[in-house]
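Welcome! Please take a moment to look over the sequence and the 3D structure, and then we can walk through a few of the main features together.

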Amino acid sequence: MTDTLASPPGSARSRDPLAFLTAEIEELKAKGLFRRLRVVQSEQRSRCVIDGREVITLSSNNYLGLNTHPKLREAAIDAVRRFGAGSGAVRTIAGTMSLHEELERRLAEFKGTEAVLTFQSGFTANTGVIPILAPEGAVIVSDALNHASIIDGIRLTKAERRVFPHADMEGLRTALAEVRGAPGGAERTVLVITDGVFSMDGDIARLPEIVEAAEAAEAIVLVDDAHASGVLGRNGRGSIDHFGLHGRVHVQVGTLSKAIGVLGGYVAGPLVLRQMLEHRARPFLFSTSHPPAVAAACLAAIDVLESEPELIERLWQNTRYFKAGLAALGFDIGASETPITPVIAGSGALAMQLSDRLFEEGVFAQGIGFPTVPDDRSRVRTIVTAEHSREELATCLAAFEKVGRELALI
Ligand SMILES: *Cc1c(COP(=O)(O)O)cnc(C)c1O
């Protein structure tokens with residue numbers, strides 16, 4: 001026996017089996033794309049302490065400032081006192097807590113659907129529901145810029161995939177016509193998936209056209225409203241409400257981690273879907289449910305959405321002010337229609353440089369490059385919230401002006 005795994009370290013045969021990781025990290029460093037996590041040392045608010053410095057953040061998804069809202073804090077603390085810190089196990093085994101059931105009833109009412117099932121995150125909601133909706137033999141038709149969790153959900157299926165160019169309605173209709181026109185195509189399950197608001201560009205899906213095309217092709221429609229919930233529609237009911245499409249979108253995925261300010265995801269739709277998810281969705285069956293404090297804080301967040309609509313009004317006032325400011329300075333801000341505004345820098349290294357210089361000027365806006373966005377459309381992504389004061393946003397615009405000129409972006 002000469003070939004053995006147990007060669008002693010330092011012997012001629014010893015190789016570090018993880019050496020490929022070091023090589024990949026070196027490559028990121030060489031390209032100026034290596035990132036270190038920034039450490040937030042305060043509450044996550046419009047102004048916070050990051051890496052020891054007080055900055056204004058334009059990087060959180062905390063659209064309405066709910067993560068530190070007194071009603072959510074109180075609800076979380078009260079739930080810990082009454083129900084403890086953890087939920088014990090997955091809901092099919094340990095039993096489902098009354099708080100989980102109450103949250104799902106409230107969410108279903110809020111979204112105007114028959115039923116809701118919550119998941120640990122928006123990510124697991126997608127990886128849980130997509131395989132249920134696309135059994136073997138199905139076809140999934142998906143927008144090219146859909147979120148990574150949708151892409152991973154699709155990867156977990158044996159369905160055929162068709163990706164249409166971003167927001168290209170002709171591309172969508174063509175894909176649907178080809179699927180239905182092919183031999184046996186009339187019988188197949190077809191699932192159309194789109195983000196409601198696209199997370200890196202901030203544009204809104206063309207839902208009326210998507211729904212019409214899907215109806216013509218008798219396809220299921222799934223809208224992932226992660227960035228639309230709490231932002232669009234009456235009291236933040238989302239993109240379906242924004243467009244008045246109630247009853248015409250079969251399945252909605254939402255997150256409780258962004259505007260809702262806590263953590264989690266959910267699938268809203270017909271009761272049979274919830275029942276199937278309870279029996280088959282793997283993140284639901286094999287991963288523990290939310291701690292009681294999470295469910296309680298989410299319930300309080302729905303109360304706030306219903307009782308404090310002025311938060312959403314302020315979010316949109318800030319959005320209009322900040323976008324207009326960036327555009328007036330001459331930045332390329334893409335085609336955003338929501339509080340997400342990308343500032344396109346070009347190369348990944350330039351986007352990271354823009355982000356780093358802004359940070360030195362007291363503004364935290366994360367640089368985003370490949371593979372999240374195409375390399376030549378690397379950017380700093382900004383998100384304003386209802387919490388930002390006019391003065392804070394003016395300070396941010398001044399920093400963008402200074403650094404933008406320095407880097408010859410404007
Ligand atoms: C953020 C996001 C998710 C993931 O939500 P989490 O609750 O953070 O896991 C899913 N889909 C879209 C479109 C998102 O933007």
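In this predicted model, α6 (148–155) and β13 (378–383) each give at least two residues to the lining of the largest pocket. The largest share comes from α6, with four residues. The volume of this pocket is about 580 Å³, and of the 23 residues that line the pocket, A148, S199, M200, T372 and V373 lie closest to its centre.

What kinds of residues make up the lining of the largest pocket? The table shows how they divide.

| Class of lining residue | Number in the largest pocket |
|---|---|
| Nonpolar | nine residues |
| Polar | six residues |

Next, let us visit a single residue. D201 sits in the loop between β6 (190–195) and α8 (207–216). Is D201 buried or exposed? Its relative accessibility is 18%, and because buried means under 20%, D201 counts as buried. The side chain of D201 makes a polar contact of 3.1 Å with the side chain of R379. Leaving aside residues up to four places away in sequence, D201 touches R379 together with L145, A335, S336, I340 and P342.

Helix α12 covers residues 292–307, which makes 16 residues. At 1.5 Å a residue, α12 should span 22 Å, and its end C-alpha atoms are 23 Å apart, so the two values agree. This helix is also mostly covered, with 13 of its 16 residues buried.

How values were computed: Residues are numbered from 1 along each chain as its sequence is written. This is a predicted model: local features need pLDDT of at least 70, side-chain atom pairs count only at pLDDT 80 or more; totals for chains, interfaces and linings use all residues. Side-chain values use heavy atoms; hydrogens and water are left out. The expected span of a helix is 1.5 Å times one less than its number of residues. Buried means under 20% relative accessible area, exposed over 50%, partly exposed in between (1.4 Å probe, protein chains only). A polar contact is a pair of N or O atoms within 3.5 Å; within protein, one must be able to donate a hydrogen and the other to accept it, and residues adjacent in sequence count only if both atoms are side-chain atoms. Contact means heavy atoms within 4.5 Å. On a 1 Å grid over the protein atoms alone, a cavity is a set of points where a 1.4 Å probe fits but cannot get out, and a pocket is an open set with protein on both sides within 12 Å along at least five of seven lines; lining residues have an atom within 4 Å of a point. Grid points are joined across faces, edges and corners, and a volume is the space filled by probe spheres set on the points. Ala, Val, Leu, Ile, Met, Phe, Trp, Tyr, Cys and Pro count as nonpolar, Asp, Glu, Lys and Arg as charged, and the others, Gly among them, as polar.
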